[in-house]
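Thanks for coming. I have one model to go through, and I will take it piece by piece. Please have a look at it before I start.

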Amino acid sequence: MPFVVTDKCKKDYRCVDECPIGAIAPRAGDPAADAVSQVYIDPESCIECGACAGVCEFDAIKRDEDLAPEEAHFAAANAEYFQK
Ligand code: SF4
């Protein structure tokens with residue numbers, strides 16, 4: 001299952017830089033970055049390497065199956081970001 005960013009994200013973009021395949025957006029400086037309160041992981045691209053979760057200081061990134069019930073909606077929110 002892909003990794004998911006939750007609303008604990010503080011947009012420091014460390015995960016974006018760490019992802020080896022560019023599955024996390026928006027990037028720092030993107031015009032779209034100011035319009036969102038967090039970054040998102042494309043579940044179709046994520047190869048589940050875990051690098052992003054390893055650098056997140058805010059515990060904002062989890063495997064889909066490890067989301068708490070109250071966090072489960074973030075899986076859809078991450079996917080929806082890439083459907084725009
Ligand atoms: S788990 Fe790996 S591939 Fe997936 S978003 Fe995180 S760094 Fe990118």
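Pro26 sits in the loop between strand 2 (24-25) and strand 3; strands here are DSSP runs of E of at least two residues, and helices are runs of H or I of at least four, both numbered from the N terminus. The peptide bond that joins Ala25 and Pro26 is cis, with omega about -5°. This is a predicted model, in which local features need pLDDT of at least 70 and side-chain atom pairs count only at pLDDT 80 or more, while totals for chains, interfaces and linings use all residues. Residue numbers start from 1 along each chain as its sequence is written.

Two other loop residues have a positive phi without being glycine. Lys11, in the loop between strand 1 (3-5) and helix 1 (14-18), has phi near 55°. Glu48, in the loop between strand 3 and helix 2 (51-55), has phi near 65°. Most residues other than glycine have a negative phi, and most peptide bonds are trans.

For burial I count other C-beta atoms, placed from the backbone, within 10 Å of a residue's own: 20 or more is buried, 12 or fewer is exposed, and in between is partly exposed. Lys11 counts as partly exposed because it has 18 such neighbours. Glu48 has 12, so it is exposed.

Now strand 3, residues 40-41, which includes Ile41. Is Ile41 buried or exposed? Ile41 is buried, because 27 other C-beta atoms lie within 10 Å. Beyond its neighbours within four places in sequence, its contacts (C-beta atoms, placed from the backbone, within 7 Å) include Phe3, Val4, Val5, Ile24, Cys46 and Asn78. Asn78 is 37 residues from Ile41 in sequence, yet the C-alpha atoms are 5.6 Å apart.

Asn78 takes us to helix 3, residues 73-81, where Phe74, Ala75 and Asn78 are buried.

Terms used: Two residues are in contact if their C-beta atoms, placed from the backbone, lie within 7 Å.
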